Amino acid sequence: MFTNLKKYFFVPVFLAFFLPLFSESTPVEGLYRYKLDNGLELFVAENDSAPLAYIEIAVRAGAVTQNPQNAGLFHLYEHMMFKGNEMYADQDAFTEAANEMGQIDQNGSTGIDRVNYYFTIPSALVRRGLEFWSYAIRTPKIDNQELENEKSVVLSEINADFTDPDHIRAAAIYKTMFPDCPWRLDPSGNPVVIQNASPELLREIQKNYYIPSNSAIFVGGDVKHDEVFAYVKEIYSDWENPSETLPFARTVNKNPLSSEKKLIFVNPGLSDKIIQVSYYLRGPDGEIDIKDTYSADVWVNLANSPSGNFVKTFVSDSSLGIPESEYIGAYYPTRRVSGLISFSAAMVNDYKSSEKFNFGFGNAPVAKQTNLNPVEKSERFLSLLKEKAIPEMTKKSLFFKDKSIGFVIQQLEDARIYEMESAESVLASLSFFWSTCSSDYFFSYDENIAKVTEDDVVSFVKKYMQNKKGAFIVSVSPGLWNEYKDLFLASGYEQISAENAFWQNDIK
């Protein structure tokens, strides 16, 4: 689709000498990439619509690089980067410096595959902003008293997760689907590790992961790419890598379950009229299953078509009580080594009433009583998914009946065009794929999506879904649980609780 070319520029830099700049062309207009000798990558998106510049520095770290001994230190380290450094003595000085630049939305996050820090400032101050983050990432103070104070903040966040229904449910899913390493999907970490953290342990995190060869800078807005590179080279070129780098421990188990796993979760936020169901399977990983991730994206689009065979299979089955197509879906988020495929639905519990009532999320009344109780509805959904919906995805005459693959690919390409409308949205997507796959994945996405065939999608379904064992989770209200508890348990469901959902409780 495109050929990588190199353009050569010579521009003055502030130390009264000239530096050769090598920008690598990209298929995205106004987007440039560079790589310093120390491995640090730079991406610049030019957009002069407003006199602002977005600056982000990202690190391939977070939950994906954790083990039981350091789980939570990446989260804690993220907090400590705001607590002062070689240039700014403490958090007050750090925050004041950012405010003096007129920063907008300064923040940081620790996710599954990435830790990142970012803000938006006036574009005239882009060099100052780059220098600001250089001090933060390279010379964090990690004062012992500040560390003790921040431990309390992080621990309160983790303890809040332990009582949050969404986190409890997610923890149970990750523990089930990744039994060998659930900590690699939990950025929050282990309270015991946080409590015992020391400046020395955080310095080890910094030394091994916060290094140029594992990092990238993203700059977008009213800037000139060659000037930004000159600044980055001036400020970051003396940032050194350690003499040895830690190998990345991959997780590639695609069949973690030898039999179907059925879970029941009591969610106090659910109404007695609603039953939520989800089914999870291991999917392709961005680092090692690149080709399959493109097929997965096409598959998701096809599966979620409101008039497609998959959606119709469930909505047309009145016994399930799925009111409309928006209440049934298939999903696949790209991740570095923890890809998951999921199917989810919300079903009306009308077992005791034949009255019309509103589903709760819009105007979708259900009038007909189905005479299936919550356990039977759940089992019906799982049976329909495993015995009919997934097998039919391997039949091209059925799965591609509603949409041609060419139409789906065009939709994906159109979505990418919309995504490219602002520098910040371009860089947000690029930063995500840089961490989960690579920058090349982002730049060659349209080219590779265009190569996906119907046979590729069918092969994807057969490889990751057909005849595979997964985790089925049903969420119900406390009222429904009290009424149908014995029947759920007799049907082979295991109850999820805060005590058994979190991997931290299993660490001795």
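Asn190 touches Ala71, Gly72, Trp503, Gln504 and Ile507 when residues up to four places away in sequence are not counted, a contact being heavy atoms within 4.5 Å. This residue of the predicted model lies in the loop between H5 and helix H6 (191–195), where helices (H or I, at least four residues) and strands (E, at least two) are DSSP runs numbered from the N terminus. Asn190 is buried, with a relative accessible area of 5%; buried means under 20% relative accessible area, exposed over 50%, and partly exposed in between, with a 1.4 Å probe and protein chains only.

Residues are numbered from 1 along each chain as its sequence is written, and side-chain values use heavy atoms, with hydrogens and water left out. Because the model is predicted, local features need pLDDT of at least 70 and side-chain atom pairs count only at pLDDT 80 or more, whereas totals for chains, interfaces and linings use all residues.

The protein chain as a whole has 19 helices and 14 strands. Its radius of gyration is 25 Å, close to the 23 Å that the globule rule gives for 508 residues, so the chain is as compact as a globular protein of that length; the radius is taken over C-alpha atoms, and the rule is 2.2 Å times the number of residues to the power 0.38. Taken along the principal axes, the C-alpha atoms fill a box of roughly 80 × 55 × 40 Å. Of the 508 residues in the chain, 55% are buried, and among contacts between residues at least 6 apart in sequence, 80% join residues at least 24 apart.

At 14% relative accessibility Glu41 counts as buried, and, leaving aside neighbours within four places in sequence, Glu41 is in contact with Tyr34, Lys35, Arg60, Ser215, Ala216, Ile217, Trp434 and Ser439.

Turning to the helices, H3 (residues 126–138) has 13 residues and reaches 18 Å from its first C-alpha to its last, close to the 18 Å expected at 1.5 Å a residue, the expected span being 1.5 Å times one less than the number of residues. The buried residues of H3 are Val126, Gly129, Leu130, Phe132, Trp133, Ser134, Tyr135, Ala136 and Ile137. In the loop between H3 and helix H4 (144–161) is Ile142, which has a positive phi of about 50 degrees although it is not a glycine, and which counts as buried at 5% relative accessibility. Most residues other than glycine have a negative phi. Asp105, in strand S6 (residues 104–110), also has a positive phi, near 60 degrees, but Asp105 counts as exposed at 59% relative accessibility.

H4 itself has 18 residues and reaches 26 Å from its first C-alpha to its last, close to the 26 Å expected at 1.5 Å a residue. Its buried residues are Leu147, Glu150, Lys151, Val154, Leu155, Ile158 and Asp161, and what covers them includes H1, H5, H6 and H7. Within H5 (residues 165–177) lies Thr176, which is buried with a relative accessible area of 12% and which touches Leu257, Lys261, Leu263 and Ala471, not counting residues up to four places away in sequence.

Two packed helices are described by the angle between their axes and the distance between the axes. The axes of H1 (residues 73–80) and H7 (residues 199–209) come within 10 Å and cross at roughly 90 degrees; axes are lines fitted to C-alpha atoms, for helices over the stretch in contact, and angles run from 0 to 180 degrees between N-to-C directions. H1 and H7 are therefore roughly perpendicular to each other, on a scale where angles under 35 degrees count as roughly parallel, over 145 as roughly antiparallel, 65 to 115 as roughly perpendicular and the rest as oblique. Leu73, Phe74, Leu76, Tyr77 and Met80 of H1 meet Leu201, Leu202, Ile205, Gln206 and Tyr209 of H7 in this contact, whose residues divide into nine nonpolar, one polar and no charged. Here Ala, Val, Leu, Ile, Met, Phe, Trp, Tyr, Cys and Pro count as nonpolar, Asp, Glu, Lys and Arg as charged, and the others, Gly among them, as polar.
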